[in-house]
Amino acid sequence: MSQSYNRGLVEDFGRWREFTAGMWAWIFHKFTGWVLVGYLFTHIAVLSTATTGANAYTDTIQGLESLLVVRIMEVGLLAVAVFHILNGVRLLFVDLGLGLESQDKSFYASLVVTGVIVLASIPTFLEGAF
Amino acid sequence: MSTQVPEEKEQSETEQEVNAETEAEISEGASYGDQRRDQRDAQRRQSVSGAPADIEGESFRLKVFRYDPEVEGKMEPRFDDFAVPKQKGMTVLDALIYARDRYDTTLTFRHSCRQAVCGSDALFINGRQRLGCQTQISDLEEPVRVEPLPHQDVVKDLVVDMEHFYDQMHAVEPFFQPEEDPDGDLEEYRQTRENREKIKMSTRCIWCGACMSSCNIAAGDNQYLGPAAINKAYRFAMDEREGENMKEHRLNVMDQEHGVWRCQTQFSCTNVCPKDIPLTEHIQELKREAVKQNLKFW
């Protein structure tokens, strides 16, 4: 109906407090997926410096690794990758119809496991950065 | 019509009081007919006075979405607040009816059976799709915020345009299509107990549209059949009495870009379904059936 009022999608995403576990899992999975796609392009760009010579590649890597922000971003990348993998496994079970009644718990479990792995990785990633 | 809601409750509570009085009178030897007449008189007096059977002195704030495209000054969506006396067992629908009858007769919403069977009063209550008649005020935080179903055009106040929802439901041929009739003229269609159990939950759909409204994918893709329609297709595709050819036809309808494959397992539909139908589970099962139908190793 042309006269009717449609609140549209923007306001619906503004209702984030009302999102359920499945919705958050979907949003995080999309977000982490796009971050990983972005990282792959960055990864290719860094690797491609090797085409101009071994020294250029080494300098690039050393230059990046000497930056604290890069080390922190690597921790973030690990978090993104781990969550995406775990939620992907969760979705596989959902596709197979297994544990559907525990889909919210498996999402929370994915978050917790991601958190534990990321915390455990911090010493390795930040070693020598300070 | 709707003013009966508070009064009905009030009468039932009054009845209890009168019953107590009646028992006292019996012990004093009053005749049963007199007691019944006194009881009716007491009820009538109570009805006329209109005093609601409130929970003592308590009231709550009902925030209701208002919008009327046909009245100047009401075209801009807004929220109206109503103070509604709390009553034992009061539902959101009761509260809306109270607000409409006592405060603003132009307040518009759909309702019918009042027992979660007709599906006409699906609303967005405190951030979630629910049936107004099924939702107890006592279970909600205050203020109780009532809005029309999201993702659907609002016609007026809490009334949304359900046309698209019904179109999607009809698109899956929601009727029984057996390949052959039973032998005898009046013989019933037999179904195994196991098969009945399998489709039992899917038959509970009341076409309220709550699932469709909660589905973010349906909101972004107007062609997506949506959880309710897919559940309806599941109900018949899994019915053994329709036969293999019909099942294949139904799976072909589902096995489309805007069919089951648009579901991205957010579980929103399953979470809000007032009849507890495992909608996502049914959609996933149809996905697997569609894959099985297309998989050929020879």
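What you see is a predicted model, so local features need pLDDT of at least 70 and side-chain atom pairs count only at pLDDT 80 or more, while totals for chains, interfaces and linings use all residues. Residues are numbered from 1 along each chain as its sequence is written, chains are lettered from A and ligands numbered from 1 in the order in which they are written, and side-chain values use heavy atoms, with hydrogens and water left out.

**Where chain A meets chain B**

- The contact (heavy atoms within 4.5 Å) takes 24 residues from chain A and 29 residues from chain B.
- The size of an interface is often given as the accessible area lost when the parts come together.
- Here chain A and chain B bury about 2300 Å², with 52% of it on carbon and sulfur atoms; buried area is the accessible area (1.4 Å probe) that two parts lose on being put together, summed over both.
- Seven residue pairs are in polar contact across the interface of chain A and chain B, both residues being at pLDDT 80 or more. A polar contact is a pair of N or O atoms within 3.5 Å; within protein, one must be able to donate a hydrogen and the other to accept it, and residues adjacent in sequence count only if both atoms are side-chain atoms.
- On the side of chain A that touches chain B, the elements giving two or more residues are α1 (8-13), α2 (21-47) and α4 (68-95) of chain A. Helices (H or I, at least four residues) and strands (E, at least two) are DSSP runs, numbered from the N terminus.
- That side of chain A has ten nonpolar, seven polar and seven charged residues. Ala, Val, Leu, Ile, Met, Phe, Trp, Tyr, Cys and Pro count as nonpolar, Asp, Glu, Lys and Arg as charged, and the others, Gly among them, as polar.

- On a 1 Å grid over the protein atoms alone, a cavity is a set of points where a 1.4 Å probe fits but cannot get out, and a pocket is an open set with protein on both sides within 12 Å along at least five of seven lines; lining residues have an atom within 4 Å of a point.
- Grid points are joined across faces, edges and corners, and a volume is the space filled by probe spheres set on the points.
- The structure holds four cavities of 30 Å³ or more, and the largest cavity has about 100 Å³ of space.
- Lining the largest cavity are 15 residues, with B:C205, B:C208, B:C211, B:C273 and B:I277 nearest its centre. α6 (210-214) and α8 (227-237) of chain B each give two or more residues to this lining, which divides into twelve nonpolar, two polar and one charged.
- The second largest cavity holds about 90 Å³, and its 13 lining residues include B:C215, B:C263, B:Q266, B:F267 and B:C269, the closest to its centre.
- The largest pocket has a volume of about 470 Å³. Its 16 lining residues include A:Y39, A:T42, A:V70, A:E74 and A:L77, which lie nearest its centre, and α2, α3 (54-65) and α4 of chain A each supply at least two.

**Salt bridges**

- A salt bridge is a side-chain nitrogen of Lys or Arg within 4 Å of a carboxyl oxygen of Asp or Glu.
- The whole structure has 21 of them over all chains, yet the count between chain A and chain B is zero.
- One salt bridge joins B:R66 and B:D80, whose closest N and O atoms are 3.0 Å apart. This pair links distant parts of the chain, 14 residues apart: B:R66 is in strand β1 (residues 54-66) and B:D80 in strand β2 (residues 78-87) of chain B.

**Backbone details**

- The peptide bond from B:E142 to B:P143 is cis, with omega near 0 degrees, and B:P143 lies in the loop between β4 (128-131) and β5 (144-147) of chain B.
- B:R114 isn't a glycine, but has a positive phi of about 65 degrees.
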